[in-house]
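Look at the fold below.

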Amino acid sequence: MAQPPPDVREDDCLPEYRHLFCPDLLRDKVAFITGGGSGIGFRIAEIFMRTLLFRDVPLDEILGLIHSRHGCHTVIASRSLPRVSMAARKLAVATGQRCLPLSLDVRAPLAIMAAVEQALKEFGKIDILINCAAGNFLCPASALSSNAFKTVMDIDTLGTFNVSRVLYEKFFHDHGGVIVNITATLGTRGQVLQVHAGSAKAAVDAMTRHLAVEWGPQNIRVNSLAPGPISGTEGFRRLGGPQASTRAKVLASPLQRLGNKTEIAHSALFLASPLASYVTGALLVVDGGAWLTFPNDIQSLADFSSFSAKL
């Protein structure tokens, strides 16, 4: 069984970190991360910010680093200001980089514009946008209200467009940039209980391709990253993590384990960095091959009913 890199389950910083990429890969960059107060968004922010600390450096290399900055500064945005403020404090202490917390609803263009202007005032630029804000739950299509469907579409799809559009207008059009949209494989083949989220994420993947074509001449790269079942996230807890049947299905996937947040963050780091300088309009699936083999039948409805009855 393939072994994952170390991670922690809760929204805390890693107790230690070994660089797999060049430590200054995002030096002097600024990333704007929606949904950055928890889960995958929090870990992406941390990995982007991680600096090469002097205690990790041989003595003969320290002098060459004294006048260098390593790592990325971040803006993390969430609807909950207390949550995102606490996350920013954790990130700044753990990494030594600046982290600006902002309260933001991705469904509100005027609020996005104000947040982006504040970020530009603080840092002078934004190089990377990570669209990670999302909403999801399990529900049979026959029981799904139009309002519930619209809410997920508004957060996932419209929210991704709103933030991308404002960043384009305020900075990317004249300076270039990188956009990474966190999506899913739900819309690839259809999945029970997920018509709302699958439709929303499929639309974002289409948006990724359209924006990559239209904004490419302005030196803007746009890609999608589709995680699989990821431990230690609210999404996995909400989407059936406690069920033994769900865990059995995950173990039947090619790598036979759950993924973790650090693995997703490393993939986002690749797409956001110069390593992927000729990659745009692409969908990177990071799920251990689960989308190829994950069972998807009516039994899931019974599992969902049983699980819901216990709540």
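Helix α1 lies across strands β1 (30-34), β2 (73-78), β3, β4, β5 and β6 (220-227), and runs at about 170° to β1. Contact here means heavy atoms within 4.5 Å. Axes are lines fitted to C-alpha atoms, for helices over the stretch in contact, and angles run from 0 to 180 degrees between N-to-C directions. Helices (H or I, at least four residues) and strands (E, at least two) are DSSP runs, numbered from the N terminus. Helix α10 lies across β4, β5, β6 and β7, at about 165° to β6.

This is a predicted model: local features need pLDDT of at least 70, side-chain atom pairs count only at pLDDT 80 or more, and totals for chains, interfaces and linings use all residues. Residues are numbered from 1 along each chain as its sequence is written, and side-chain values use heavy atoms, with hydrogens and water left out.

The strands form an open sheet of 7, in the order β3-β2-β1-β4-β5-β6-β7, with parallel pairing. Two strands pair if DSSP finds at least two bridges between them. At the edges are β3 (99-103) and β7 (283-286), each of which pairs on one side only. On average, neighbouring strands of this sheet are turned by 20° against each other, direction ignored. Strands β4 (residues 128-131) and β5 (residues 177-182) run parallel and are joined by 4 bridges. Ile 128 has Val 178 in β5 as its bridge partner.

Now turn to the helix pairs. The axes of α1 (residues 39-49) and α10 (residues 261-272) come within 8 Å and cross at roughly 60°. That makes α1 oblique to α10; angles under 35 degrees count as roughly parallel, over 145 as roughly antiparallel, 65 to 115 as roughly perpendicular and the rest as oblique. Among the residues that meet are Ile 40, Ile 44 and Phe 48 in α1, and Ile 264, Ala 268 and Leu 269 in α10. By class, this contact of α1 with α10 has 9 nonpolar, 3 polar and 2 charged residues. Ala, Val, Leu, Ile, Met, Phe, Trp, Tyr, Cys and Pro count as nonpolar, Asp, Glu, Lys and Arg as charged, and the others, Gly among them, as polar.

Helices α4 (residues 109-123) and α5 (residues 146-175) pack at about 45°, with their axes 10 Å apart. That makes α4 oblique to α5. The contact of α4 with α5 divides into 9 nonpolar, 1 polar and 3 charged residues.
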